[in-house]
Structure formats: structure tokens, C-alpha cells
Amino acid sequence: MAPDPQHRPATQSDVAREVGVSRTLVSFAFRGAPGVSHETKQAIFEAAKRLGYRPNAVAADLARKHRSAVGLYLLDIRNEIYADVLSGVRTALPQDSNRLILSVSRSVDGVDPGALESLIEARVGIIIAATLLDSDERVQEMARIVPLVSVTRPVLGVDSVYSDDFAGARAATQHLLSLGHTRIAHLSGPVYDGHVVRRRSYEQTMRDAGLAPQTVAAEDFTPDAGQRAAAQMLSRSDRPTAIFTHNDQLALGVREAAYARGLSIPDDLSLVGYDNSRTAHLHGIDLTSVDLHAVELGRTAGTVALERLNNPDAPIADERFMPQLVVRNSTAPVRGTAG
């Protein structure tokens, strides 16, 4: 007799009684263990469906002493680049064997240990983390507790899947230099370990060109923070003629600040973002941006995570992608220059 759903959920014992087999055989069927005939397995699954039984994935992991769940940490779900990473991870994970548990940071302007701790408490077998703002030492410490794949940022001794930010930021800055701009500013976010490579690349490229870097740090990585920081930058008499931002979100804020002052993009201000988000493609925005191949980063991170689960002693993965500058209508030669 089927259990009353108002009193308790169905169990493996209920399924076993319904089919007339042992509870152990039901457990074997749901774990995909050998020794269960196709006919018996189908009867078990059909009975489970009738009774409303759902297997406890955590209990199954404990039974076979293997953690199959994959935890995915995202810095900011409002930034569509992380949605692309999620999409890539999903394509790499088999739908029938690895649960994906998502945890999102509660803050984009600081370190949120609670988001990672929630994945550890969920007993995941490995964590894919995009993007960690913690120090390298802290990331390495976490990886000793639960295997970890660092996405968008390389960390020594930890599986890493990332885009070459130094090359990407250099390409962005050199593009503006090639258009005749000399007053090029960089709008970065807050300074965190492992999250300043784009800033350092910009500053070195400017110095290599014999120019003084102009770096301004926004409060966080959102459009609102970008707008506030850009409003101050554009109010100066020697305002920059071009701005390169840490990400596309900040670039959107710069656009708003520029238009609020009656400035036209790209006639009065050239603008380059980073990430090549879907928003950058939109007509009317047409943002020149650096493509870090977020979907492919996620797909590769998922593959690396599965390999680590299956072979804990495998060599540390170091998967580096080369970014690509995508030129659109937000950049133009500086006024009075042929470009």
C-alpha cells in the first residue's frame, strides 16, 4: 500500500515491498550497481514513480563512500558572464550522475566565506569557484578541505581554468593607444589578491608607451559604482579621452556618467570593457570588449572537476585561454588624430 504523502515520504523499503524484492536490491538499482536485471530495474523505477519515492543523493554518496556532487560558486549572478560560466559547466556534467549545487556570494565588494562553507556543508565532492577574491593562501587552504577548481584566476597548486588577463588588458590598452589616445584611464574594482592583473597590465602598457597611468578604483564591480567613479573622472578639466574598465558592468556605468555630462561615445570618449558579455553586443551599446570565452571556461572547468573526482592524484590542471579583443563602435580615434 502506498504511503500517505501527508504523513511521511516514501522510502526504499516501501519500494521494495511494492516490487517484492529486498531493500538492498532497490539500493543497487538506484546506485547503478551491477547485479540487477533490466526487468527488475524497470519494475523498481516504475514503483518508485508511483509511490513518489526520490532517492537521497547525499545518503547514496555516503553509502558508496564517494561524493559525486559538484558545487559551483559564483561571485555575482547579476553579472551575465557568470551565467555563461554556469552554462558551460552544465554542458560538461552528465545529467544522470553528478548533482550541481549552486552558491552565490552575497557581496561583490568583499570576501564571502559563507557561500563556500555552504557548499562544504552540502558534502560536495569538488567546488568550481568563479571568481574567488580571497588570497592565494586562503584558496589553497580551502582546496585542502575540498578539491577546488579556480575559474578566471590561476592559483598555484590548485586546478585552474582561466583567461590570460595580462594579455587581454594589454590588447585593450594598446588598441586605445593605436587610436591616438594618450589620456587613457583605467577604472578598476577594489583591490584583491589575484584580481589585479588587468590593472597591472594596463599600467605597465602605459608606462611602456611613455605615459603616466591613471587608475581609479570603483567601490565594487557594478554599473552603479562605475557611474559614481566615472562622474568624478569626467568632471576634471583634463578628463580622459578614453577609459578601459575592469569589466563590462563598470563600462555600462561609465556610459551613463558620460551621457549625463553631455558627452558622446565614441566622439568625446572612447570606452573599452572586459568580458564581452551579451550586453556588449546589443545595438546602441556596441561596446568594444575583451572576450575571455566564459562559456568555454565553464565547460573546461566542469571537465577538470570530473577528472579530479575520478582521479584525486592526477597532476594539477593549468588551463589557460587566450582572450580576444572584439572591436565595436564604442572606440574611435581621438579628436584631431588620424588614428
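Modeller: Let's start with helix α10, residues 223-233, where the buried residues are Ala225, Gly226, Ala229, Ala230 and Met233. These residues sit on the same side of α10, because they span an arc of only 125° around the axis (the arc is taken from the directions from helix axis to C-beta atoms). Buried means under 20% relative accessible area, exposed over 50%, and partly exposed in between, using a 1.4 Å probe and protein chains only. Helices (H or I, at least four residues) and strands (E, at least two) are DSSP runs numbered from the N terminus.

Keep in mind that this is a predicted model, where local features need pLDDT of at least 70, side-chain atom pairs count only at pLDDT 80 or more, and totals for chains, interfaces and linings use all residues. Residues are numbered from 1 along each chain as its sequence is written, and side-chain values use heavy atoms, leaving out hydrogens and water.

So what lies over that side of α10? The cover on its buried residues includes strands β6 (184-188), β7 (214-217) and β8 (242-245), along with helix α11 (248-260); contact here means heavy atoms within 4.5 Å.

The peptide bond between Ile265 and Pro266 is cis, with omega about 10°. Next comes Asn276, in the loop between β9 and α12 (278-281). Asn276 isn't a glycine, yet its phi is positive, about 55°, and the residue is buried at 11% relative accessible area. His293, in the loop between β10 (288-291) and α13, also has a positive phi without being a glycine, about 60°. At 22% relative accessibility, His293 counts as partly exposed.

Four bridges tie β5 (residues 159-163) to β11, and Ser160 has Asp318 as its bridge partner in β11.

Stepping back, the protein has 13 helices and twelve strands, and buried residues make up 50% of its 339 residues.

How values were computed:
Two strands pair if DSSP finds at least two bridges between them.
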